[in-house]
Amino acid sequence: RRRESSRLLALLALVSASGVVADGGVCYKTIDGFNAAPVRSPRAESRPETFFFGEYNEAQSCEAKCAREPSCVAYAWHSWRANKRFAKQCYGRGGPVAAVRPEADVNVVSGVRTPCPEGGAEGSAAAGRQAAAVTAANEQQRRQAA
């Protein structure tokens, strides 16, 4: 229980330090290095808790799929460096945001639905572009390091 509390506090610190991304009127806190929709087997889906959205080349496409699913409160995109069984796969998580318990995973980019900042989703477009650029830069660095 103590370890889970520590993980949750670390996650909250990461979330509060990350950018808010707006997609279609829905805002997310992006979290690099955490899996907000863990699954045990590839392409697993157990609606309404877990959604498999397909394979994408970047986290932003995964986020857009989650934004279009009304019950999706978090997404997880596995980078090309993830285990081959999960590489480039996108998963969504249903249920209340408070129930999301991300697991640390350096090969995953996640986003958790959050209230949009003042000005709504439109007001966070610049923050969204900045967060997307940071995520893309991180992914580029990982590819170069491989």
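Strands β4 (74–78) and β6 (residues 103–114) run antiparallel and are joined by 5 bridges; strands are DSSP runs of E with at least two residues, helices are runs of H or I with at least four residues, and both are numbered from the N terminus. Two strands are taken to pair if DSSP finds at least two bridges between them. The bridge partner of Ala-74 in β6 is Val-112. Strand β6 also pairs with β2, again in the antiparallel sense, over 8 bridges. In that pairing, Val-112 of β6 stands opposite Lys-29.

The model is predicted, and local features were considered at pLDDT of at least 70 and side-chain atom pairs at pLDDT 80 or more, whereas totals for chains, interfaces and linings use all residues. Residues are numbered from 1 along each chain as its sequence is written, and side-chain values use heavy atoms, with hydrogens and water left out.

Asn-107 is located in strand β6. Asn-107 counts as buried because its relative accessibility is 17%; buried denotes under 20% relative accessible area, exposed over 50%, and partly exposed the range in between, computed with a 1.4 Å probe on protein chains only. Apart from neighbours within four places in sequence, Asn-107 is in contact (heavy atoms within 4.5 Å) with Trp-77, His-78, Ser-79, Arg-81 and Ala-82.

The largest nonpolar core comprises 14 residues, and Tyr-28, Phe-53, Cys-66 and Trp-77 have the most contacts inside it. A nonpolar core is defined as a set of buried Ala, Val, Leu, Ile, Met, Phe, Trp, Tyr and Cys residues joined through side-chain atoms within 4.5 Å. Two or more residues of this core are given by each of β2 (26–35), β3 (50–55), α2 (59–68) and β4 (74–78). The largest share, 4 residues, comes from α2. A second, separate core of 7 residues includes Ile-31, Phe-34, Ala-36 and Val-100.

The structure holds 3 aromatic pairs. Rings of Phe, Tyr and Trp (its six-membered ring) pair if their centres lie within 6.5 Å; planes under 30 degrees apart count as stacked, over 60 as edge-to-face and the rest as tilted. One of the pairs is formed by Tyr-28 and Tyr-75, with ring centres 5.5 Å apart and planes at 75 degrees, so this pair is edge-to-face. Because Tyr-28 lies in strand β2 and Tyr-75 in strand β4, the pair ties together parts that are 47 residues apart in sequence. Tyr-28 counts as buried at 0% relative accessibility, and Tyr-75 counts as buried at 1%. For Phe-51 and Phe-53, the ring centres are 5.7 Å apart and the planes are at 10 degrees, so the pair is stacked. Both Phe-51 and Phe-53 are buried.

Backbone features were found in two loops. In the loop between β2 and β3 lies Pro-48, which is joined to Arg-47 by a cis peptide bond with omega of about 15 degrees. Arg-43 is found in the loop between β2 and β3 and has a positive phi of about 60 degrees although it is not a glycine. With a relative accessibility of 47%, Arg-43 counts as partly exposed. Lys-88, in the loop between β4 and β5 (89–93), is not a glycine either and has a positive phi near 65 degrees. Lys-88 counts as partly exposed at 30% relative accessibility.
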